[in-house]
Amino acid sequence: MANLVIENVKKRYGQTEILKGINISIEAGEFLILVGPSGCGKSTLMNSIAGLEDVSEGRILIDNNDVTYSSPKDRDIAMVFQSYALYPNMTVAQNISFGLEMRKVPKDEREAEVQRVADMLQIGHLLKRKPAQLSGGQRQRVAMGRALARRPKMYLFDEPLSNLDAKLRVEMRTEIKKLHQKLGTTIVYVTHDQIEAMTLADRIAVMKDGEVQQLGTPQEIYDNPTNLFVAGFMGSPAMNFVPAKVVEQNGAFALELQASKPTVVPFPDQESLKPYLGKEILLGLRPEMITEPQPHKEGAEFVVTADIDVEVTEPMGADTMVLTRISEAEVNCRCNPVYPTKAGETIAMMLDTSKAVAFDKDTGERIDR
Ligand SMILES: Nc1ncnc2c1ncn2[C@@H]1O[C@H](COP(=O)(O)OP(=O)(O)OP(=O)(O)O)[C@@H](O)[C@H]1O
Ligand SMILES: [Mg+2]
């Protein structure tokens with residue numbers, strides 16, 4: 001277990017700044033997930049932590065030791081790359097045990113360790129094969145196995161499950177979570193998968209264009225995104241952004257929307273709306289906050305029932321997604337499948353704004369709380 005401090009790390013390739021001053025402090029035993037659009041610098045940051053790339057500015061500390069200029073092998077980190085390279089001339093078993101051999105671990109211990117990770121990754125039947133005789137997903141698991149056979153100070157995983165089928169991916173996700181709970185090793189993990197990010201992370205760092213936009217627990221990121229980018233990035237389907245006019249009604253600030261008809265909804269943080277009276281803001285409302293009318297919520301403080309025009313319905317099994325338009329924005333609603341929803345019809349829906357958030361239309365920054 002080790003703590004990791006990334007201090008004002010910048011990385012330039014020629015004139016182009018890829019990392020623009022990253023500050024992240026990770027506690028020993030913490031599971032940190034990096035997310036962000038393709039090209040935002042996630043792998044560059046991972047390679048910098050591992051020591052495979054030199055940073056242009058800033059410092060990296062592991063267990064309070066400055067390792068900014070240490071070689072990768074002195075950092076005691078095991079990394080699984082996005083493009084995993086296996087030793088082509090070695091069998092799967094040799095690939096997995098290679099790191100242990102280098103560390104002079106006795107043969108019987110090595111064999112036991114290979115067996116342990118092979119069982120966990122479901123590759124026991126492949127141990128005698130060479131990498132060329134494996135599928136992409138199998139190779140990825142061997143690369144995982146190679147990292148997991150070691151007990152380093154820290155694991156870096158760069159999209160380690162991206163080549164696996166959906167079922168195996170879910171199984172591996174659970175295995176990684178169990179592994180972390182058991183060993184408590186510090187992990188930095190890159191993924192494009194929303195569910196992986198939400199379920200695995202102690203904290204999530206959302207990156208964009210070489211900068212950290214927000215660093216927080218999955219629930220903080222989900223409930224309290226700092227800006228429009230983070231709000232739109234985490235969650236699937238994404239948070240709805242509805243243009244809304246700030247109005248005054250019965251002595252309170254409220255938001256006017258255009259559903260099937262004009263509808264006024266209340267908003268928790270009154271103070272934040274004051275400067276926007278008469279102006280438009282963006283109301284952020286998660287799909288699960290627009291549902292079929294639920295009798296137990298009838299009359300609750302931030303709940304309004306309104307008619308909406310159904311454009312498309314998408315049955316997903318557990319829920320049905322209903323696509324509509326509110327104030328000209330496309331809006332996803334999450335309904336119970338038993339509720340009748342049909343494209344072209346106008347139906348009643350319940351809007352719950354108790355957890356809604358608000359953004360400045362021009363800057364994209366959060367204006368409430
Ligand atoms: N050696 C290099 N020379 C110049 N530019 C580079 C180099 N390596 C990466 N880049 C650029 O740095 C940026 C960040 O790349 P990086 O691989 O870190 O992105 P990423 O967030 O991991 O993306 P993805 O999700 O697609 O893996 C990209 O614009 C990439 O083109
Ligand atoms: Mg990458």
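## The big picture

Of the 369 residues in the protein, 51% are buried, where buried means under 20% relative accessible area, exposed means over 50% and partly exposed is in between (1.4 Å probe, protein chains only). Keep in mind that this is a predicted model: local features need pLDDT of at least 70, side-chain atom pairs count only at pLDDT 80 or more, and totals for chains, interfaces and linings use all residues. Residues are numbered from 1 along each chain as its sequence is written, chains are lettered from A and ligands numbered from 1 in the order in which they are written, and side-chain values use heavy atoms, with hydrogens and water left out.

The protein has nine helices and 21 strands; these are DSSP runs (H or I, at least four residues, for helices; E, at least two, for strands), numbered from the N terminus. Its C-alpha atoms fill a box of roughly 75 × 45 × 35 Å along the principal axes. Take the contacts (heavy atoms within 4.5 Å) with a separation of 6 or more: 66% of them join residues 24 or more positions apart.

## Surface and charge

The accessible surface comes to about 17,100 Å², and carbon and sulfur atoms own 49% of that. Areas like this come from the Shrake-Rupley method with a 1.4 Å probe, and for residues only the protein chains shown count as cover.

As for charge, there are 43 positive and 51 negative ones, and their mean positions sit 8 Å apart. Lys and Arg count as positive and Asp and Glu as negative, while His and the chain ends are not counted. Each charge is placed at NZ of Lys, CZ of Arg, CG of Asp or CD of Glu.

Helix α2 covers residues 92–102, and its buried residues are Val92, Asn95, Ile96, Ser97, Gly99 and Leu100. They pack against α3 and α4. Just after α2, Lys104 takes a positive phi of about 60 degrees.

Now look at the loop between α3 (107–121) and α4 (136–148), which is where you'll find Pro131. Pro131 is buried, with a relative accessible area of 7%. Not counting residues up to four places away in sequence, Pro131 touches Leu86, Tyr87, Pro88, Met90, Asn95 and Arg139. Pro262 is another story: Pro131 and Pro262 are 131 residues apart in sequence and 62 Å apart in space, C-alpha to C-alpha.

Lys153 lies in the loop between α4 and β7 (154–158). Lys153 is partly exposed, at 28% relative accessible area. Leaving aside neighbours within four places in sequence, Lys153 is in contact with Met1, Ala2, Ile62, Asp63, Asp76, Thr185 and Thr186. From Lys153 to Asp352 is 199 residues in sequence and 45 Å in space, C-alpha to C-alpha.

## Pocket and cavity

The largest pocket holds about 580 Å³ of space. It is lined by 20 residues, with Ile77, Ala78, Met79, Tyr87 and Arg150 nearest its centre. Elements giving two or more residues to that lining are β6, α2 and α4.

There is also one cavity of 30 Å³ or more, with about 40 Å³ of space in the largest cavity. Met79, Val80, Phe81, Tyr84, Ala85, Ala143 and Arg146 line the largest cavity, and β6 (77–80) and α4 each supply at least two of its lining residues.

How are these spaces found? On a 1 Å grid over the protein atoms alone, a cavity is a set of points where a 1.4 Å probe fits but cannot get out, a pocket is an open set with protein on both sides within 12 Å along at least five of seven lines, and lining residues have an atom within 4 Å of a point. Grid points are joined across faces, edges and corners, and a volume is the space filled by probe spheres set on the points.
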